[in-house]
Amino acid sequence: MAKKDKKNLNQKDLLETIRDENGKIGYLEVPGEILQVWNGKPWESRPKKLAMLVGIYVLLFAIFLYLMPDAGFFLLLIPLLLFGSASAHLVNSQYVITDQGIYWRNFMNQIFKRWSEIENFIFEEEMGELFFEKSNMRSRIQRNMPIYYQDNKEEIEQNVKDLHAKAWAEKKAIEDRIRAEVIAELDKESEKEE
């Protein structure tokens, strides 16, 4: 289906057409049943804070230009780095919640995180943040995922809370089972030695 057609779909139709034939959204495989899809618009959610952020970045760039006017290639690189570091808060993003995790995409990022890989979360009036476990290098570099919402805040919050709690309860149950098996095995070995 063409991109133009996807814009005119309602939520139910969008849920059915978001994945390709291989179960991928973009270039990532996104497992699970799709529960919710929306586009976050940061400039509609917090325009004053983002205008201040852009103003600070412009000021930093102006100071750098003043201090090092002969920087050459770095004069082009600095605005790109500044924009790239704040792109999650400056450009629109697409979000997909499944029963297995959450997918997030904007023009620079495309990631899928399972609920068990999300350590914690907070929700504010205009946005939320999901914080990742630091189990791999990417999670150490990119530690969180911003979630911007407009009119579906309560539904998003409830989905995140419920699915996160369920995943972490399952993770804890598996860890408790493994711990019990290891303790039982150690007890058997200590009884044999006696």
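L60 counts as partly exposed because its relative accessibility is 45%; buried means under 20% relative accessible area, exposed over 50%, and partly exposed in between, with a 1.4 Å probe and protein chains only. L60 sits in helix α4, residues 47-67. Helices (H or I, at least four residues) and strands (E, at least two) are DSSP runs, numbered from the N terminus.

This is a predicted model, in which local features need pLDDT of at least 70, side-chain atom pairs count only at pLDDT 80 or more, and totals for chains, interfaces and linings use all residues. Residues are numbered from 1 along each chain as its sequence is written, and side-chain values use heavy atoms, leaving out hydrogens and water.

L60 also belongs to a nonpolar surface patch of about 770 Å². Patch residues have over 30% relative accessible area and no salt bridge; nonpolar side chains (Val, Leu, Ile, Met, Phe, Trp, Tyr) are joined within 5 Å, like charges within 9 Å. A salt bridge puts a side-chain nitrogen of Lys or Arg within 4 Å of a carboxyl oxygen of Asp or Glu. Areas come from the Shrake-Rupley method with a 1.4 Å probe, and for residues only the protein chains shown count as cover.

Now the sheets. One is open, with four strands in the order β3-β4-β5-β6 and antiparallel pairing; two strands pair if DSSP finds at least two bridges between them. Its edge strands, β3 (34-40) and β6 (110-114), each pair on one side only. The twist averages 15° from one strand to the next. Axes are lines fitted to C-alpha atoms, for helices over the stretch in contact, and angles between N-to-C directions run from 0 to 180 degrees.

Take β3. Six bridges pair β3 with β4 (residues 93-98) in the antiparallel sense. Within β4, Q94 is the bridge partner of N39. β3 is mostly covered, with five of its seven residues buried.

A second open sheet has three strands, ordered β7-β8-β9, with antiparallel pairing. Here β7 (118-123) and β9 (144-148) are the edge strands, each pairing on one side only. The twist averages 20° between one strand and the next. β7 runs antiparallel to β8 (residues 127-132), joined by five bridges. N120 has F131 in β8 as its bridge partner.

Two helices lie across this sheet. Helix α7 (residues 153-193) lies across β7, β8 and β9, at about 155° to β7. Contact means heavy atoms within 4.5 Å.
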